[in-house]
Amino acid sequence: MDASQACIDIVAYFEGFSANKYNDAAGHCTIGYGTLLHRGNCDGTEGYAEGISEPDAKALLASSLCRVAQEVTEIVKLPLKQCQFDALCAFAYNLGCHALVESTLLLAINSGTFADVPDQFRRWDFAAGVELAGLKRRRVAEAAMWSSG
């Protein structure tokens with residue numbers, strides 16, 4: 001399964017666009033629509049000295065979501081609706097698939113306890129130990145996307 005346009009749209013909305021590199025809320029070097037360049041602060045070794053155009057950032061987002069979708073497909077053991085798959089891809093794009101692999105969110109999904117999944121999304125609203133209002137809104141939106149089918 002591939003991430004749909006709805007997934008791309010929700011990620012782009014919550015990430016926002018930045019033409020220039022920046023350190024995200026967790027202190028990782030990022031550009032465009034939240035595309036991780038590397039873990040840790042930007043240090044000049046990551047390229048993009050002139051920044052990135054919005055069309056190039058959208059292409060980078062789509063490419064990154066393609067990789068995320070492949071990883072999500074590998075770790076989810078039960079069939080999902082498109083909206084559920086998109087919600088997981090949006091989540092994994094933001095936090096990384098490693099966070100999903102080790103989560104009670106994935107445990108709930110793979111055990112078929114789908115009713116517990118929206119609450120599991122909403123638990124992930126911290127960055128670097130700090131609860132963030134933006135992440136809270138994002139997790140509510142991902143939970144709603146999960147439940148929308």
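The largest pocket has a volume of about 830 Å³, a volume being the space filled by probe spheres set on grid points joined across faces, edges and corners. A pocket here is an open set of points on a 1 Å grid over the protein atoms alone, where a 1.4 Å probe fits, with protein on both sides within 12 Å along at least five of seven lines; lining residues have an atom within 4 Å of a point. The model is predicted, with local features needing pLDDT of at least 70 and side-chain atom pairs pLDDT 80 or more, while totals for linings use all residues. Residues are numbered from 1 along each chain, and side-chain values use heavy atoms, without hydrogens and water.

Of the 32 lining residues, Glu15, Asp24, Tyr93, Asn94 and Leu95 sit closest to the pocket's centre. The lining splits into 16 nonpolar, 9 polar and 7 charged residues (Ala, Val, Leu, Ile, Met, Phe, Trp, Tyr, Cys and Pro are nonpolar; Asp, Glu, Lys and Arg charged; the others, Gly among them, polar).

Now for the helices (DSSP runs of H or I, at least four residues, numbered from the N terminus). The axes of α2 (residues 54-75) and α3 (residues 82-95) come within 9 Å and cross at roughly 110° (lines fitted to C-alpha atoms over the stretch in contact, with angles from 0 to 180 degrees between N-to-C directions).

In contact (heavy atoms within 4.5 Å), α1 uses Ala6, Cys7, Ile10, Val11 and Glu15 to meet Asp86, Cys89, Ala90, Tyr93 and Asn94 of α3.

Notes:
Helices (H or I, at least four residues) and strands (E, at least two) are DSSP runs, numbered from the N terminus.
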